[in-house]
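I opened this notebook to record what I looked up on pockets, cavities and a couple of side chains.

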Amino acid sequence: MSTFTRITPPKIKVGLVAGGLGAYWPQFPDLLPQLQRSAARVSERMRGLDAEIVDVGFISDAQEGAAAAEKLRAEGCDLIVGFLTTYMTATMLVPIAQRSGAPVLLINLQPTESMDHATFDTGQWLAYCGACPLPEMANAFTRLGIPFRSVSGYLEDERAWDKIGRWVRAAGVRAALRRGRHGLMGHLYPGMLDVATDLTLVSANFGGHVEVLEFDDLRVRVEKVSDADAAQRIELAREVFELADSVNEDDLAWAARVSVGLDRLVEEFELDSLAYYHRGLDGEIHERLGAGMILGASLLTARGVPAAGEYELRTSLAMLIMDRLGAGGSFTELQALDFHRGHVEMGHDGPAHLAISSRRPLLRGLGVYHGKRGWGVSVEFDVTRGPVTTFGLRQSRDGRYGFVVSEGEVVEGPLLRIGNTTSRVDFGCDPGEWTDAWSASGISHHWALGTGHRAADLRATADLLGAEVTHIQP
């Protein structure tokens, strides 16, 4: 993992089953072939959603449903999609939902926008009757305690396919969290009560594993970095970043060496995200390691392994969620409010998501890191102009995680030049009112800032994770 190449997460596995009531087939001989053609088209479209599709075919009765349930259970799918082609009984899909252990999405996609009422007979009408069993499925799933979600439309309805794609993306995030390995290195920034995280709650809310690391795990790897590998990393930094005149060559060389060691740490512990902090003392090695993290952590974040400072585990998880939704997701906090222009200024010192920068990111040399010990090189940029979403994870008193979301626009305006990421966000309201509402949600003082308006995707993701959503709107 020593190059600036984005990681490729494993594709999620989506189970697909289509069905209809077998009693119709002898009554209307042309119906089943038509429904099977629709099922083949759905399978084709599903394969275009960047997922591995496990298609178990067409079921016509409860026995076939039970057989399909066993196949999908054995496959370990991340999402089950049931295509209601016409009326079918709930007992055909209930075993699939019960045994799979995966979220279930029911889709009702009739052949076209509307029937030809003047010419259709009963058999032709039944091909449009996928809506009929949907309330039955919803009722049965509700009584059985199975979460229920659906998308209704027609085969080539792009609005419906956008929604289906959203559920697939959300299932991908759920899978990434359930299988994820999240590094937590160092110790809590003293006094940050909002940041403190019970590690068991990560597994309780999302699944996955938290790997507790020492800064010595990084130290021993940095000590083994060769001069050639460090020189190669310096060259990469010069390619990716613009270097300010304040960059000290010795500090850059140290940051490059730490970056290579950090890559090896991530690779050997198979980490999907990382949160870290170490205070250090009087320039000793652990202080220098902590101060040298920004270059390597930013490169990792851009490659799809989010890294957050200040021991912010929940924010590194939020950054991972945003990254897997294609939004980037950069480590962020409030910096100032511009009441003259109506903007909220936000960003952070330390690691940033380089892929969402509005320009070539800058490396700036700093003689002091505010609020932290050490010195070295830091990243400076602002997020690409246009729609953005702020997203963070809050923890309630009962230990449940919730999503806090707000959509705005990154706009032009003066920015600080102090080696921090800084963006101006217009939320369409008084910046003070937005800040009060955002803070009242129970969010911590860090979150992820990502590109695009992602509230709909985040709602779908929260649904699959069983998390509440607080949407801060103007």
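**Entry 1. The largest cavity.**
I began with the lining of the largest cavity, which by class comes to 9 nonpolar, 5 polar and 6 charged residues. The model is a predicted one. For the volume of this largest cavity I noted about 210 Å³. Its lining runs to 20 residues, and those nearest the centre are Tyr276, Tyr277, Gly290, Tyr369 and Lys372. I then looked up which elements give two or more residues to that lining, and found β9 (273-277), α12 (285-291), α13 (293-302) and β12 (343-349). Which of the elements gives the most to the lining of the largest cavity? I wrote down α12, with 3 residues.

**Entry 2. The second largest cavity.**
I next asked how many cavities of 30 Å³ or more the structure holds. The count is 2. The second largest cavity contains about 40 Å³ of space. I listed its lining as Ser330, Thr332, Met346, Gly347, Phe381, Val383, Thr421, Thr422, Ser423 and Leu449. Two or more of the lining residues come from each of β11 (328-338), β12 and β17. The largest share is that of β17, at 3 residues. By class I have 4 nonpolar and 6 polar residues here, and no charged ones.

**Entry 3. The largest pocket.**
I turned to the open sites. The largest pocket holds about 750 Å³ of space. It has 29 lining residues, with Thr8, Pro9, Pro10, Lys11 and Arg324 lying nearest its centre. Both α7 (158-179) and α14 (313-324) supply at least two residues of this lining. The element that gives the most is α7, with 8 residues. I sorted the lining of the largest pocket by class and got 15 nonpolar, 5 polar and 9 charged residues.

**Entry 4. The second largest pocket.**
For the second largest pocket I recorded a volume of about 150 Å³. The residues that line it are Arg359, Leu362, Arg364, Glu380, Phe381, Asp382, Leu415, Leu416, Arg417, Asn420 and Thr422. Here β13 (362-366) and β17 (420-426) are the elements that give two or more residues. The class counts are 4 nonpolar, 2 polar and 5 charged residues.

**Entry 5. Histidine 348.**
I looked up histidine 348 and found it in strand β12, an element that also gives residues to the lining of the largest cavity and of the second largest cavity. Is histidine 348 buried or exposed? Its relative accessibility is 1%, so histidine 348 counts as buried; the cut-off for buried is under 20%. Its side chain makes a polar contact with the side chain of histidine 446, at 3.2 Å. Leaving out residues up to four places away in sequence, I found that histidine 348 touches Glu310, Phe331, Thr332, Glu333, Gln335, Lys372, Asn420, Thr421 and His446.

**Entry 6. Threonine 197.**
Where is threonine 197 placed? I found it in the loop between β6 (181-186) and α8 (199-206). The side chain of threonine 197 reaches the backbone oxygen of valine 195 at 3.0 Å. It also makes a polar contact with the side chain of arginine 314, at 3.0 Å. Not counting residues up to four places away in sequence, threonine 197 touches Val202, Leu313, Arg314 and Tyr401.

**Entry 7. The whole chain.**
The secondary structure amounts to 16 helices and 19 strands. Of the 474 residues, 58% count as buried. The C-alpha atoms fill a box of roughly 85 × 50 × 45 Å along the principal axes. I checked the radius of gyration, which is 25 Å; a compact globule of 474 residues would have one near 23 Å, so the value agrees. Among contacts between residues at least 6 apart in sequence, 79% join residues at least 24 apart.

Note on methods
Residues are numbered from 1 along each chain as its sequence is written. This is a predicted model: local features need pLDDT of at least 70, side-chain atom pairs count only at pLDDT 80 or more; totals for chains, interfaces and linings use all residues. Side-chain values use heavy atoms; hydrogens and water are left out. On a 1 Å grid over the protein atoms alone, a cavity is a set of points where a 1.4 Å probe fits but cannot get out, and a pocket is an open set with protein on both sides within 12 Å along at least five of seven lines; lining residues have an atom within 4 Å of a point. Grid points are joined across faces, edges and corners, and a volume is the space filled by probe spheres set on the points. Helices (H or I, at least four residues) and strands (E, at least two) are DSSP runs, numbered from the N terminus. Ala, Val, Leu, Ile, Met, Phe, Trp, Tyr, Cys and Pro count as nonpolar, Asp, Glu, Lys and Arg as charged, and the others, Gly among them, as polar. A polar contact is a pair of N or O atoms within 3.5 Å; within protein, one must be able to donate a hydrogen and the other to accept it, and residues adjacent in sequence count only if both atoms are side-chain atoms. Contact means heavy atoms within 4.5 Å. Buried means under 20% relative accessible area, exposed over 50%, partly exposed in between (1.4 Å probe, protein chains only). The radius of gyration is taken over C-alpha atoms; the globule rule is 2.2 Å times the number of residues to the power 0.38.
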